Amino acid sequence: MATLLRARGGELPTPAAILKRVQARMAAVCEDSPTNRFLYSRTNVIEELDTNNKLKKRTVKTYIVQQIQGLPQSKLLVVDGRPLNAAEQRWHVADEQRLHRTLTEDKAPDYAKPKPWLTDDVLERFTFTVTGRTNRMRRSVVMLEFQPRADAPNRNMTDRIVNKISGAVWVDERDAEIVRLDLKMTEPVKFWGGILGQLDRFEWTLWRRRSALGPWFNESSSGMVQIRKLFTSTRFRISEEAFNFRRL
């Protein structure tokens, strides 16, 4: 298949060439501009499943998202059809930031300054291979697969999870934007030696799309997470969808 795609689309670029363009694109999007501000809505559905994959609990959240300098800034508005008041909205924002600080062990992150997430540190953790070229919505897309490196740094909880993830990424060749991202854990990850539990399964697929206004945004995503605490295993099926993209 890769040979056929290469013949149709010409010689494939190297992983380094593709990823450098993606990094440069992210850096450009993060630069401030009066027109680099957009608004859209997002729904988040979390379904808790039992060991037989039967539904135990379902939670639906609705967010309003401001995308400023490429960074989505979400505000939770509605939970299971109930609008939240201002105090509840502030509490949820603070709670999400506390979780972010715990996972990254960053005690003072600057949420006001967008930064590209695809850093050299992230890229150096994986080995990338270009596998072919295809089309999505009449646009040329190049495909890469990646595997974690054995010598990747292991400094905090986030590192321990990232170092067990492999997957694939599809990149729009014209805009150097990520079109699709697939993530999958290669093996379970224990928290505090297993005392606080274990992440048994993590699978995630993200789809991105170029809006009619030009900028790209996260259109939809879905995945499965399985967590074990002592003798109890809980599964979560998660999906998100964005809509009503407009200029802020």
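A residue counts as buried under 20% relative accessible area, as exposed over 50%, and as partly exposed in between. With that scale in hand, let us walk through this predicted model, starting with two residues and then widening the view.

**Two residues on the scale**

R210 has a relative accessibility of 37%, so this residue counts as partly exposed. S221, in contrast, is buried, because its relative accessible area is 8%.

| Residue | Strand | Relative accessible area |
|---|---|---|
| R210 | β10 (residues 197-210) | 37% |
| S221 | β11 (residues 216-229) | 8% |

**Around R210**

Leaving aside residues up to four places away in sequence, R210 touches R139, D175, P215 and W216. With D175 there is also a polar contact between the side chains, at 3.1 Å. M137 lies 73 residues from R210 along the sequence, yet their C-alpha atoms are 9.8 Å apart in space.

**Around S221**

What does S221 touch, not counting residues up to four places away in sequence? Its partners are W204, T205, L206, I238, S239 and E240.

**The nonpolar cores**

The largest nonpolar core holds 28 residues, and F128, V142, L144 and V171 have the most contacts inside it. Several elements each supply at least two residues of this core, among them β5 (126-136), β6 (139-148), β7 (165-172) and β10. Helices take part too: α2 (15-29) and α5 (157-162) are also on that list. The element that gives the most to this core is α2, with four residues.

Apart from residues up to four places away in sequence, V171 touches I18, V22, S140, V141, V142, L144, A176, E177 and V179. A second, separate core has ten residues, including Y63, V79, A242 and F245.

**The whole protein**

Stepping back, the secondary structure comes to five helices and twelve strands. The protein has 248 residues, of which 36% count as buried. Taking contacts between residues at least 6 apart in sequence, 52% join residues at least 24 apart. The accessible surface comes to about 15000 Å², and 53% of that surface belongs to carbon and sulfur atoms.

Key:
Residues are numbered from 1 along each chain as its sequence is written. This is a predicted model: local features need pLDDT of at least 70, side-chain atom pairs count only at pLDDT 80 or more; totals for chains, interfaces and linings use all residues. Side-chain values use heavy atoms; hydrogens and water are left out. Buried means under 20% relative accessible area, exposed over 50%, partly exposed in between (1.4 Å probe, protein chains only). Contact means heavy atoms within 4.5 Å. A polar contact is a pair of N or O atoms within 3.5 Å; within protein, one must be able to donate a hydrogen and the other to accept it, and residues adjacent in sequence count only if both atoms are side-chain atoms. Accessible areas come from the Shrake-Rupley method with a 1.4 Å probe; for residues, only the protein chains shown count as cover. A nonpolar core is a set of buried Ala, Val, Leu, Ile, Met, Phe, Trp, Tyr and Cys residues joined through side-chain atoms within 4.5 Å.
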